[in-house]
Amino acid sequence: AVGNSKKVYFLAADPALALRGAILVKALRKDNPKLESALFMIPHKRWDLINNYQDTFSVFDEMITFPKDRVFYSAKPKKIIAAVKAAMNIRKLTFPKDSVLLSFAHLTYEENCLVSYHPEIKKIFFIENRWYHFIYEENGKNFPEKDFIVQPGVRLFNWILVPLLGLTRIIFKQYKDGKV
């Protein structure tokens with residue numbers, strides 16, 4: 001799917017996902033040794049758990065950390081401001097022709113910004129088969145629809161902030177126990 005692309009970008013929300021990207025870079029370079037790669041790192045405290053993660057991910061030619069903490073859907077003014085700043089930073093990015101984005105960070109706000117603002121880049125999304133099965137094949141039938149709630153912050157994001165920023169509206173529901 002990457003084809004003859006000259007540069008691939010990986011989006012990872014935590015080191016475990018970035019490691020998968022590093023493995024893919026090594027595999028892709030077997031067929032295309034000149035392939036350039038970049039890692040987009042969504043800030044999160046998990047990155048701090050690895051000493052010298054720069055060495056661990058040195059297979060990437062470039063590591064780009066988004067400037068703000070990971071954006072979570074919230075109605076708090078501080079979080080809304082952070083979301084707007086993150087969107088503006090991501091909107092300013094430019095990509096070489098025929099670039100590919102490989103994302104392991106599905107359902108993140110940052111991924112939504114990349115997808116919405118950069119239609120020119122080819123996108124490949126990775127999702128674990130258990131989640132694919134749960135979401136797309138079963139349609140989440142293990143959990144009755146009545147047991148899901150939509151938090152006020154999500155409503156604010158989806159109905160006010162997302163359209164104002166020109167982002168794709170996503171469905172984001174939380175199971176009533178607050179853990180899923």
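View 1. L102 touches V2, V8, Y9, F10, L11, I124 and F126, leaving out residues up to four places away in sequence; contact means heavy atoms within 4.5 Å. The model is predicted: local features need pLDDT of at least 70, side-chain atom pairs count only at pLDDT 80 or more, and totals for chains, interfaces and linings use all residues. Residues are numbered from 1 along each chain as its sequence is written, and side-chain values use heavy atoms, with hydrogens and water left out. L102 belongs to strand β4 (residues 100-103); helices (H or I, at least four residues) and strands (E, at least two) are DSSP runs numbered from the N terminus. With a relative accessible area of 2%, L102 is buried (buried: under 20% relative accessible area; exposed: over 50%; partly exposed: in between; 1.4 Å probe, protein chains only). The C-alpha atoms of L102 and L11 are 6.4 Å apart, although 91 residues separate the two in sequence.

View 2. Five strands form an open sheet in the order β3-β2-β1-β4-β5, with parallel pairing; two strands pair if DSSP finds at least two bridges between them. The edge strands, each pairing on one side only, are β3 (62-65) and β5 (122-125). Four bridges join β4 and β5 in the parallel sense, and the bridge partner of L101 in β5 is K123. Helix α4 packs on the sheet, touching β1, β2, β4 and β5, and its direction makes about 150° with that of β5. Axes are lines fitted to C-alpha atoms, for helices over the stretch in contact, and angles run from 0 to 180 degrees between N-to-C directions. Helix α1 (residues 15-31) lies across β1 (7-12) and β2 (36-41), at about 165° to β1.

**View 3. Aromatic pairs.** Rings of Phe, Tyr and Trp (its six-membered ring) pair if their centres lie within 6.5 Å; planes under 30 degrees apart count as stacked, over 60 as edge-to-face and the rest as tilted. The count by this rule is 11 aromatic pairs. Y9 and F40 are stacked, because their ring centres are 5.4 Å apart and their planes at 15°. Both residues of this pair, Y9 and F40, are buried. F10 and F60 form an edge-to-face pair, with centres 5.5 Å apart and planes at 65°. Since F10 lies in strand β1 and F60 in the loop between α2 (53-56) and β3, the pair ties together parts 50 residues apart in sequence. Ring pairs link F10, F57, F60, F104 and F126 into a cluster.
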